[in-house]
Amino acid sequence: MTDFLVKTFIKDYQNTSDTDVRTQYGVLSSVVGIICNVLLFAVKLVIGLFMRSLAIMADAFNNLSDAASSVISFVGVKMANKPADKEHPFGHGRIEYISALIVAFLVIEVGFSFFKSSVEKIRNPQEITFQWLPFVFLIVSILVKLWMSLFNRKLGRRIQSKVMTATAADSLGDVITTSATVVSILICRFTSVNVDAFAGLLVSLAVIWAGISIAKDTLEPLIGQGADPDLYKRITEEIKAYDGIVGTHDLIVHNYGPGRSIASIHAEVPRDVDIEISHEIIDKIEREVGAKLNILLVIHMDPVETRDEQVLATKEKLRNVIAALDPALSFHDFRVVRGKERINLIFDLEIPFSYHQKDCDRIISQIGVLMKQIDPRYACVIDLDKSFVSVH
């Protein structure tokens with residue numbers, strides 16, 4: 001069914017790196033969400049009123065909030081595809097995150113509303129009227145929501161959309177909450193124990209949690225999260241595959257919306273190669289890798305020593321010292337400046353985010369002491385760096 005909808009309504013559906021195609025995916029997800037959730041709301045509301053079940057009515061209005069969320073997502077996706085302008089030179093892609101954040105607050109508000117209603121009904125319980133036909137409709141709604149979850153998850157994976165992934169998780173949460181409602185109805189039917197209000201309480205808490213989860217997922221890129229480890233690996237591997245590149249470091253990815261990223265990275269090149277040749281390689285990498293990964297790629301060129309055996313031996317000694325102190329540490333931009341009585345070892349030391357200032361001072365001191373034990377002339381000149389990659 002998912003593939004049929006995609007092939008029917010999305011032109012050039014395989015070109016998921018294209019922003020227009022991504023927008024079509026977003027529109028399809030939103031329209032399907034609106035239609036399914038409005039139908040589920042209407043059916044569940046009628047069932048809830050007929051059976052006098054607060055849990056079912058809470059679930060119905062949760063579906064209505066999901067429909068409203070799909071409307072907001074639809075508007076957000078369309079606005080996010082607006083081209084860049086003078087005021088927004090990087091485009092409007094982050095509107096998609098803002099719309100998802102609005103959706104999250106709507107979901108949380110619905111959850112709180114029915115939390116209060118459930119508490120009130122616990123104090124003043126009402127009898128539930130059981131009928132098989134409405135009950136069967138609830139089972140059907142579970143199946144519909146399960147399909148919607150799989151539908152959005154599949155689309156989200158195709159275009160790497162956190163918003164769709166969050167929507168899929170929300171639909172799966174609806175499956176769980178509606179299932180809890182069904183269980184409460186069965187308990188009431190066969191044991192005459194009315195747990196409807198308690199089920200409504202659980203449903204409301206699940207709805208609130210879903211809203212908080214969506215808010216967290218959408219706030220992270222707005223606040224400024226590190227580069228995704230998979231993207232980090234792809235970028236670095238693609239760059240290092242080119243002849244003339246010794247290594248890479250200091251990758252930073254700025255996210256301006258799904259499929260709209262700018263990345264900067266330092267690429268190490270042999271210092272004895274003509275600068276124009278290295279520059280030509282860097283330009284080629286920026287064009288080709290940027291196009292392949294659908295990012296705007298900016299590369300800073302760092303010349304490094306690759307032939308001087310003495311420098312390379314000193315670098316290896318430093319590597320062993322740093323690895324012995326803390327395997328989580330790494331270094332780059334290593335240079336040696338020799339004097340008559342002093343040899344400066346200049347490099348950047350990458351430290352974990354868990355390091356405090358006292359840890360930094362300690363590690364710098366230890367490196368300096370250990371390197372002087374190897375050669376009293378060594379003097380370490382260290383700049384501290386931190387990784388800009390997310391830890392999953």
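Student: Where is Asp250 found?
Tutor: Asp250 is in strand 1, residues 247–255. Helices (H or I, at least four residues) and strands (E, at least two) are DSSP runs, numbered from the N terminus.

Student: What kind of model is this?
Tutor: This is a predicted model: local features need pLDDT of at least 70, side-chain atom pairs count only at pLDDT 80 or more, and totals for chains, interfaces and linings use all residues. Residues are numbered from 1 along each chain as its sequence is written, and side-chain values use heavy atoms, with hydrogens and water left out.

Student: Back to Asp250. What is its phi near?
Tutor: Phi of Asp250 is near 55°, a positive value in a residue other than glycine.

Student: Buried or exposed?
Tutor: Asp250 counts as buried because its relative accessibility is 16%. Buried means under 20% relative accessible area, exposed over 50%, partly exposed in between (1.4 Å probe, protein chains only).

Student: Which other residue has a positive phi although it is not a glycine?
Tutor: Asn294, at about 60°. Asn294 lies in the loop between helix 9 (275–293) and strand 3. With a relative accessible area of 30%, Asn294 is partly exposed.

Student: Now the pairing. How many bridges join strand 1 to strand 2?
Tutor: Seven, and the two strands run antiparallel. Ile252 has Ser264 in strand 2 as its bridge partner. Two strands pair if DSSP finds at least two bridges between them.

Student: And strand 2 with strand 3, parallel or antiparallel?
Tutor: Strand 2 and strand 3 (residues 295–304) pair in the parallel sense, over 10 bridges. Pro270 has Val304 in strand 3 as its bridge partner.

Student: How many residues of strand 2 are buried?
Tutor: Eight of its 10 residues, so strand 2 (261–270) is mostly covered.

Student: Switching to packing. How many residues has the largest nonpolar core?
Tutor: It has 19. Leu318, Ile322, Phe347, Leu349 and Ile367 have the most contacts inside it. A nonpolar core is a set of buried Ala, Val, Leu, Ile, Met, Phe, Trp, Tyr and Cys residues joined through side-chain atoms within 4.5 Å.

Student: Which elements give two or more residues to this core?
Tutor: Helix 10 (309–325), strand 4 (330–338), strand 5 (343–351), helix 11 (357–374) and strand 6 (378–386). Strand 5 gives the largest share, five residues.

Student: What does Phe347 touch?
Tutor: Leaving out residues up to four places away in sequence, its contacts (heavy atoms within 4.5 Å) include Leu318, Ile322, Ile367 and Val381.

Student: Which residues does the second, separate core include?
Tutor: That core has 18 residues, among them Ile239, Ala263, Ile282 and Leu297.

Student: What about Lys315, where is it found?
Tutor: Lys315 is in helix 10. At 22% relative accessibility, Lys315 counts as partly exposed. Lys315 touches Phe331 and Phe334, not counting residues up to four places away in sequence. Lys315 and Val336 are 21 residues apart in sequence and 9.0 Å apart in space, C-alpha to C-alpha.
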